Amino acid sequence: MSGTEGKVICCRAAVAWEAGKPLVIEEVEVAPPQANEVRVKILYTSLCHTDVYFWEAKGQNPLFPRIYGHEAGGIVESVGEGVTDLKPGDHVLPVFTGECQECAHCKSEESNMCDLLRINTDRGVMLNDGQSRFSIKGKPIYHFVGTSTFSEYTVIHVGCLAKINPKAPLDKVCVLSCGISTGLGATLNVAKPKKGSTVAVFGLGAVGLAAAEGARMAGASRIIGVDLNSSRFEEAKKFGITEFVNPKDHKKPVQEVIAELTDGGVDRSIECTGNIQAMISAFECVHDGWGVAVLVGVPHKDAVFQTHPVNFLNERTLKGTFFGNYKPRTDIPSVVEKYMNKELELDKFITHQVPFSEINKAFDYMLKGEGLRCIINMEG
């Protein structure tokens, strides 16, 4: 039993007081976990574009003050009543979506979209009592996607924590709690390319490169990267990209360019930008008869997908995925093992590291489009 169990913990957290303004390191009070909740000491967290998007508060319900952060690794400090799967000292990855293990989705082998715990970007409180576990001088500070990892301690629903191998380095595997698993799973679990097949990946950010890494692991013979930024190609080769197409370099639609390069189209495509034209191109560039396109990127809320129905009748398949079709508690521990047995490479995704006191630098890197993942060391 830890000396802090059942007590309020005072610690540092990076608080967003208003949209788009630099985070401020504050002393916050973190309440003990209630039923089905776990208090976690965060050791490393990473910045994902979703944090930046909601911090900028573009087009959603702004909720401030708030503690962002959802890609992280930590150690269980204490558990609330009813928690049997985790104990103090366990190593965990928090996940922005969850697995209650009881709803129809959790009981289905085909779905990871838990009814109780699926991502909710509007909710800033815990499910158990509709209150926040964070406060400053008695005033609540809101949670973000159930994780709020930009704090030395945080409280998370047990269903949103993957218990992982304690030997796994948290400063590396923390990136599996969001973006890398999303891209990797889109390829391995949904597109499922066969050995020797051709794959196109649209968008060469961290998620797209994780999709390419999945294609490399699956033994694809050609992996075509599609991006509007040609400077990304050199780096992308490390992730298995063999060829690069910049739509701006061609007069004809990129799906036609890819069809010509591949004798009628690729076997599989994975779309990781959320741009609606890229989504349509990703579908239309797969080969008739067997081609499968998988959509990962989140589109603008008013976007409409338009294609001729004959594309489907000619035996092309269009699929979508959420968090790479991984169930957080059931599947993420085995993804960590893929890293441990050197099947999956993670180090190349980590391009920057900053101490917690300099967390705003991580935002600067992302806003400038520099690098892939920036690890934030909570000790610093």
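Which strands and helices do the buried residues of H8 pack against? They pack against strand S10 (198–202), helix H7 (254–261), strand S13 (268–271), strand S14 (292–295), helix H9 (310–313) and strand S15 (317–320). Keep in mind that this is a predicted model, where local features need pLDDT of at least 70, side-chain atom pairs count only at pLDDT 80 or more, and totals for chains, interfaces and linings use all residues. Residues are numbered from 1 along each chain as its sequence is written, and side-chain values use heavy atoms, with hydrogens and water left out.

**Helix H8**

- Helix H8 covers residues 276–284, and its buried residues are Ala278, Met279, Ile280, Ser281, Ala282 and Phe283. Buried means under 20% relative accessible area, exposed means over 50%, and partly exposed is in between (1.4 Å probe, protein chains only).
- Helices (H or I, at least four residues) and strands (E, at least two) are DSSP runs, numbered from the N terminus.
- At the start of H8, a side-chain oxygen of Asn275 comes within 2.8 Å of the backbone nitrogen of Gln277.

**Helix H1 and its partner H11**

- The axes of H1 (residues 49–56) and H11 (residues 359–367) come within 11 Å and cross at roughly 95°. Axes here are lines fitted to C-alpha atoms, for helices over the stretch in contact, with angles running from 0 to 180 degrees between N-to-C directions.
- H1 and H11 are therefore roughly perpendicular to each other (under 35 degrees is roughly parallel, over 145 roughly antiparallel, 65 to 115 roughly perpendicular, and the rest oblique).
- On the H1 side, His49, Val52, Trp55 and Glu56 make the contact, while H11 brings Phe363, Met366 and Leu367. Contact means heavy atoms within 4.5 Å.
- The buried residues of H1 are Asp51, Val52, Phe54 and Trp55, and what covers them includes strand S3 (37–46) and H11.

**The loop between S7 and S8**

- Ser151 sits in the loop between strand S7 (139–141) and strand S8 (153–157), and Ser151 is buried at a relative accessible area of 0%.
- The side chain of Ser151 reaches the backbone oxygen of Tyr153 at 2.6 Å.
- Not counting residues up to four places away in sequence, Ser151 touches a list of residues including Cys11, Arg12, Phe134 and Met378.
- Thr147 lies in that loop between S7 and S8 too, and Thr147 is buried, with a relative accessible area of 0%.
- Thr147 and Ile67 are 80 residues apart in sequence, yet 8.9 Å apart in space, C-alpha to C-alpha.
- Ser148 is also found in the loop between S7 and S8, and its phi is near 45°, a positive value in a residue other than glycine.

- Most residues other than glycine have a negative phi, and most peptide bonds are trans.
- Phe64 and Pro65 are joined by a cis peptide bond, with omega about -5°; Pro65 is in the loop between H1 and strand S4 (71–79).
- Asn325 has a positive phi of about 60° although it is not a glycine, and Asn325 counts as partly exposed at 30% relative accessibility.

**Cysteines**

- A search of the whole structure finds 0 disulfides, a disulfide being a pair of cysteine sulfur atoms within 2.5 Å.
- The closest cysteine sulfur to that of Cys106 is in Cys103, at 3.7 Å, too far for a bond.
- For Cys178 the closest cysteine sulfur is in Cys48, 3.9 Å away and too far for a bond; Cys178 is buried, with a relative accessible area of 6%.

Notes:
A polar contact is a pair of N or O atoms within 3.5 Å; within protein, one must be able to donate a hydrogen and the other to accept it, and residues adjacent in sequence count only if both atoms are side-chain atoms.
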